[in-house]
Amino acid sequence: PPSRGPPPASRGPVVSTMRRQCSTQLPGADSRKSRYSALLPGGDGGRGAAVLSGGHWDGTLCVSSEAGRTLHAAVQHSRTITCLAVSGALLITGAEDTTAVLWFLAPPSVPKHTTVPQPLRALRGHVREISAVAVSAHLDLAASGAVDGRVLLHTCHNGALVRSITHPEGATIGHLHIASLPHRLLVGAAATSEGRLRVYSLGGACLHTFALAGGIRSVLLTPEHMCVVVGGVSGEVCIWRLDDGALTCRLEPAGAAISSISARDGELIVGTQEGEVVGYALDPEMLWGRAVRDATAWATKPSPVQALKFGQRRQELVSDRSRLLREAPLAG
């Protein structure tokens, strides 16, 4: 057959896109998706987890199953949701329309067993796009940060403005957390080159500044909100106490940029940009702020750090389950 010539001047060349880019419901880079997505129990009839997601062009807040099926959709923003945070039964979303909306996460409904977000009130005061949000059900406070470096603190029960804090350099707010027990507000810039995390009192005074060489990628409050875990671009993981600002622990580097952090039951799970999952054993005394030591010098922990690929870990779990089934005695 004759070869097809170039397209007419009035029509541009056909642009082919990858299948993943066409099928995803969350447009944007993978590094930004964690800011406007969260997991909740109660998806697929209560048997799995539900996914809360923003980032949609029409400002929709979607509740989806693990399989990607949309279970519920709510619209309160006029533009794209850029960030969200969950605390207990409270949810806060921030969007490009300069507003933050506070939601109540109603219990799973029957018969779908789906968590349905119900809007409570809108929090206003920003003049630029909101880039980070935080909420504390214990303190009844909600915080929102914008691209102009301004952070607003509101009450949840009536939406009253409590405090306004401005980043010293006017940088875009990327990390925002409320620590309920020591009553602290953590503020950090969105730029990865910014390696400082500032700790404020609820009165607006800057108490401590935590610095991490190379830049900050991930920030996590420990379950009791006494310490903060900071992961860096260079793979470094450090833990600071929030009461006095002391460096509690400097863990062994993960070897790649930190993309996510999770802490539970005395263990710290870190995900890297290279797709590895690194596990650290944490000393309970260190977590509660009663000891200062280096994790690499723990004599009681035979393997303070482990790096496992997803496939390798799955194979080990399958092997352990098969071994337990073989060794389990039969019921008489």
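Predicted model: local features only at pLDDT ≥ 70, side-chain atom pairs only at ≥ 80, totals over all residues.
Visitor: Where is threonine 155 found?

Guide: Threonine 155 belongs to strand E11, which covers residues 150-155.

Visitor: Which side chain joins threonine 155 in a polar contact?

Guide: The side chain of asparagine 158 does, at 2.3 Å. Beyond the neighbours within four places in sequence, threonine 155 is in contact with Asp140, Leu141, Ala160 and Val162.

Visitor: Changing topic, how many disulfides are there?

Guide: The count comes to 0 disulfides. For cysteine 238, the nearest cysteine sulfur belongs to cysteine 249 and is 8.1 Å away. A disulfide requires sulfur atoms within 2.5 Å, so cysteine 238 is in none.

Visitor: Is cysteine 238 buried or exposed?

Guide: Cysteine 238 is buried, at 0% relative accessibility. Cysteine 62 is also buried, at 10%.

Visitor: And how many salt bridges does the structure hold?

Guide: The structure holds 8 salt bridges. One of them pairs arginine 198 with glutamate 169, with the closest N and O atoms 3.8 Å apart. This pair links distant parts of the chain, 29 residues apart: arginine 198 lies in strand E15, and glutamate 169 in the loop between strands E12 and E13.

Visitor: Which of those two is buried, and which is partly exposed?

Guide: Arginine 198 is buried at 8%, whereas glutamate 169 is partly exposed at 46%.

Visitor: Which residues are linked in a network of salt bridges?

Guide: The network links Glu169, Glu194, Arg196 and Arg198.

Note on methods
Residues numbered from 1 in each chain as written. Heavy atoms only, no water. Helix = DSSP H or I, 4+ residues; strand = E, 2+ residues; numbered from the N terminus. Polar contact = N/O pair within 3.5 Å; in protein donor to acceptor, adjacent residues only side chain to side chain. Contact = heavy atoms within 4.5 Å. Buried < 20%, exposed > 50% of the residue type's maximum accessible area, 1.4 Å probe, protein only. Salt bridge = Lys/Arg side-chain N within 4 Å of Asp/Glu carboxyl O.
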